[in-house]
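Let's take a walk through this structure together, one feature at a time. Keep the 3D view open as you read.

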Amino acid sequence: MGHLNLPASKRIPRQWRLLDLVSAAFFGIVILFFLLVFTPLGDSMAASGRQSLLLSTNADPKQRHRLVALVEQGQHQQPIEACPADAVDHMPCEDPRRNSQLSREMNFYRERHCPPPEETPLCLIPPPDGYRIPVPWSESLEKIWHSNMPHNKIAERKGHQGWMKLEGPHFIFPGGGTMFPDGAIEYIEKLGQYIPIGDGVLRTALDMGCGVASFGGYLLAKNIIAMSFAPRDSHKSQIQFALERGIPAFSLMLGTRRLPFPAFSFDLVHCSRCLIPFTAYNATYFLEVDRVLRPGGYLVISGPPVQWANQDKEWADLQGVARALCYELIAVDGNTAVWKKPAGDSCLPNQNEYGLELCDESDDSNDAWYVKLKKCMSRTSSVKGEFAVGMIPKWPARLTKPPARVTVMRNGVDVFEADIRRWARRVAYYKDSLHLKLGTSAVRNIMDMNAFFGGFAGALKSDPVWVMNVVPSRKPSTLSIIYDRGLIGVYHDWCEPFSTYPRSYDFIHVTSIESLIKHSSTGKNRCNLVDLLVEMDRILRPEGTVVIRDSPEVIDKIGRIAHNVSCLQHPPDGQYCCYVDGNCWCVNSPVISVPLVAYDFSRHSEYPMHLVVT
């Protein structure tokens with residue numbers, strides 16, 4: 001009574017559907033549990049979760065601002081947390097995931113595109129699992145630890161061309177390249193038949209699309225220092241490999257903007273199968289090469305389109321543009337062409353089929369930080385005095401002789417000579433009194449974040465090091481003087497991340513650090529010291545050193561921040577580990593200590609005002 005009787009055939013399916021759902025849910029939970037606990041999926045999801053949490057923490061600009069303020073005031077008790085493990089090679093301004101959404105025209109998407117600070121996670125990038133102290137120079141020219149950058153793609157794709165190969169725990173670099181599979185040494189000797197290599201006439205070189213930079217690496221034996229560059233592309237790590245080898249290198253793309261170098265900087269420009277379309281866009285790319293090539297300097301293009309199959313028109317166009325700019329064709333040797341640039345403006349303006357013209361006299365050819373490429377030829381007459389190849393002193397005399405371009409500054413020669421003396425004293429003090437690792441096998445790659453005339457780099461000329469001299473883009477443009485001295489460097493704005501991989505430099509030096517982030521006119525901060533120090537931590541190698549010269553007030557600020565940024569050395573059971581927010585990074589040697597040394601910037605004192613070691 002009171003029950004509704006249904007046929008069994010209509011009741012049973014309903015009961016089975018409910019049982020199926022319960023059973024499926026139970027078995028689903030069991031399977032998920034095993035996946036999370038016993039497979040890499042769990043670690044991957046956990047890392048993804050940490051990344052999401054980190055991004056959500058920084059997604060609110062106000063919350064991020066509060067965190068930065070606490071760190072600046074020394075009130076943040078815990079170190080800044082570690083980034084997820086998948087960020088081990090993160091380059092904020094060359095992020096393929098972010099940049100892939102941008103225009104492909106003229107490779108715009110492969111240039112620098114930096115996220116605003118509020119979209120940048122505030123975290124410290126860890127080293128990869130198994131990280132070891134880099135192989136010291138000059139052994140590193142031929143081999144590095146595979147565990148420091150376990151990326152096999154180039155070895156697999158380019159091994160037959162002599163780029164690199166995997167042997168046991170090392171990557172081995174035979175010294176080859178696509179256009180010189182028998183080795184860079186033989187290739188350089190061939191070029192020496194046509195250009196003056198090894199006698200001091202040529203000192204600064206630009207290697208475009210450098211691969212793993214074997215060409216630049218073996219030029220060093222000839223006392224020629226090359227700035228090797230390539231974009232972050234499908235090979236992922238070619239510049240990272242170059243830096244790990246101890247070769248000067250920089251992540252860069254020739255796309256829509258001028259290269260971040262002053263005019264007439266390089267004695268030699270080299271392209272070995274760099275695949276830059278020099279004659280495209282009304283020869284815009286050739287004109288940019290002309291801007292950075294010193295008068296009387298040499299241009300070498302090896303590979304397409306030089307006498308290349310099915311590229312007759314491209315090869316003819318390249319020769320035509322070179323003729324229009326009065327470049328002298330020195331030699332064509334197989335698929336390698338060598339030109340010499342004229343010493344002055346006498347060639348243009350001439351009638352030419354490409355419509356090439358001189359730039360307006362108002363154009364500042366040294367202006368090159370986020371400046372669009374220009375379809376005109378930079379005027380060499382804008383520089384007073386002798387600065388052409390063959391007219392300036394040979395290396396190493398050019399290092400200490402005041403260059404012509406220093407005379408544009410008031411009392412420029414006196415300031416230049418005083419700067420040389422000052423840095424000779426300071427570097428001697430660094431070595432003899434502070435016992436910094438300069439001049440030892442522990443230091444190869446050095447950065448000077450505020451280089452001025454390159455005095456710090458010049459004082460290291462006898463050490464087995466190279467220095468990336470950075471001239472802040474908002475400061476007086478002294479980078480051309482650095483190149484005239486036979487040193488290398490770039491423009492950069494330190495309110496943005498630098499275009500390099502994590503763990504690029506053994507030693508970072510900076511004078512007057514607060515001036516890098518302030519408006520020159522108002523004195524107000526454009527960004528903050530916390531982000532700058534986190535960026536310095538990103539590009540510094542484990543066991544690297546940072547030296548800061550500044551006022552006592554700034555030193556106090558740095559000391560408060562450094563507690564949250566730098567790793568602490570803690571050796572259990574013979575291992576050295578860094579503990580950051582509960583995460584532990586361990587290696588078998590003491591590579592996770594970051595000494596931070598700060599100095600008084602007073603004109604009247606060469607002695608340390610404050611020392612912070614963390």
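This is a predicted model: local features need pLDDT of at least 70, side-chain atom pairs count only at pLDDT 80 or more; totals for chains, interfaces and linings use all residues.

Residues are numbered from 1 along each chain as its sequence is written, and side-chain values use heavy atoms, with hydrogens and water left out.

Start with an open sheet of 3 strands, ordered S1-S3-S2 and paired antiparallel. Strands here are DSSP runs of E, at least two residues long, and helices are runs of H or I, at least four long, both numbered from the N terminus; two strands pair if DSSP finds at least two bridges between them. Strands S1 (143-145) and S2 (165-167) sit at the edges with a single partner strand each, so one side of each has no neighbour in the sheet. Strand S3 (residues 170-172) runs antiparallel to S1, and 3 bridges join the two. Look for Trp145, whose bridge partner in S3 is His170.

Now for the aromatic rings. The whole structure holds 21 aromatic pairs, where rings of Phe, Tyr and Trp (its six-membered ring) pair if their centres lie within 6.5 Å, and planes under 30 degrees apart count as stacked, over 60 as edge-to-face and the rest as tilted. One of them is Phe456 with Phe507, a stacked pair at 6.2 Å centre to centre and 25° between the planes. Phe456 belongs to helix H13 (residues 455-458) and Phe507 to strand S14 (residues 505-511), so the pair ties together parts 51 residues apart in sequence. Both Phe456 and Phe507 are buried, meaning under 20% relative accessible area, with exposed over 50% and partly exposed in between (1.4 Å probe, protein chains only). Ring pairs also link Phe456 and Phe507 with Trp423 and Tyr430 into a cluster.

Next, find the loop between H13 and strand S12 (466-472), where Pro464 is found. Pro464 has 39% relative accessibility, so it counts as partly exposed. Pro464 is 26 residues from Leu438 in sequence, and their C-alpha atoms are 9.0 Å apart in space.

Finally, how many cavities of 30 Å³ or more does a search of the whole structure find? There are 5, a cavity being a set of points on a 1 Å grid over the protein atoms alone where a 1.4 Å probe fits but cannot get out.

Terms used:
On a 1 Å grid over the protein atoms alone, a cavity is a set of points where a 1.4 Å probe fits but cannot get out, and a pocket is an open set with protein on both sides within 12 Å along at least five of seven lines; lining residues have an atom within 4 Å of a point. Grid points are joined across faces, edges and corners, and a volume is the space filled by probe spheres set on the points.
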